[in-house]
Amino acid sequence: MIIKLILSSVSIIFSLIMLYITQINYKKKLLNKISYLFWICIWTLIILASLRPEFVDSYFTENYQIDVFYILSVLSIISLVILYFLSLIKINILEKKINALIRAESLKEILDKIKDK
């Protein structure tokens, strides 16, 4: 019982911090409106589930006969894979942009040297 209380408290504090960070990133225009609303919903759902963990436990055990820890483990792994994939895509996009900038700068230097001769 005390462990659930501690985990719920940590989860609520973490979600509140993430709500704040999401708000800041939205104001800096780093998130579009759809992403912003998606993450606000996610953090709010985590807070609600942390406030009523017995409801979540009873819902899954009564309806699906599945342990909540198992569900959270699977969701964690899926979330990590999705985040890894999205970050990999972003890295590839940035890599292409950097390569294009380097090539453009190199060509500019070569053209400047040719003009100087």
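## Helices and surface patches in a predicted model

Aspartate 116 is found in helix α4, which covers residues 68–116; helices here are DSSP runs of H or I with at least four residues, strands are E runs of at least two, and both are numbered from the N terminus. This is a predicted model, where local features need pLDDT of at least 70, side-chain atom pairs count only at pLDDT 80 or more, and totals for chains, interfaces and linings use all residues. Residues are numbered from 1 along each chain as its sequence is written, and side-chain values use heavy atoms, leaving out hydrogens and water.

**Overall form**
- The protein chain has 4 helices and 0 strands, in the order α-α-α-α along the sequence.
- Its C-alpha trace spans about 80 × 30 × 25 Å along the principal axes.
- Of the 117 residues, 11% count as buried (under 20% relative accessible area; exposed is over 50%, partly exposed in between; 1.4 Å probe, protein chains only).

**Negative patch**
- Glu105, Glu109, Asp112 and Asp116 gather in a patch of negative charge on the surface (patch residues have over 30% relative accessible area and no salt bridge, with like charges joined within 9 Å and nonpolar side chains within 5 Å; a salt bridge is a side-chain nitrogen of Lys or Arg within 4 Å of a carboxyl oxygen of Asp or Glu).
- Aspartate 116 is exposed, at 69% relative accessible area.

**Nonpolar patch**
- A nonpolar surface patch has about 1000 Å² of accessible area together, and its members include Tyr70, Phe85 and Ile89 (Shrake-Rupley method, 1.4 Å probe).
- Isoleucine 89 lies in helix α4 and is partly exposed, with 35% relative accessibility.

Notes
Lys and Arg count as positive and Asp and Glu as negative; His and the chain ends are not counted. The place of a charge is taken as NZ of Lys, CZ of Arg, CG of Asp or CD of Glu.
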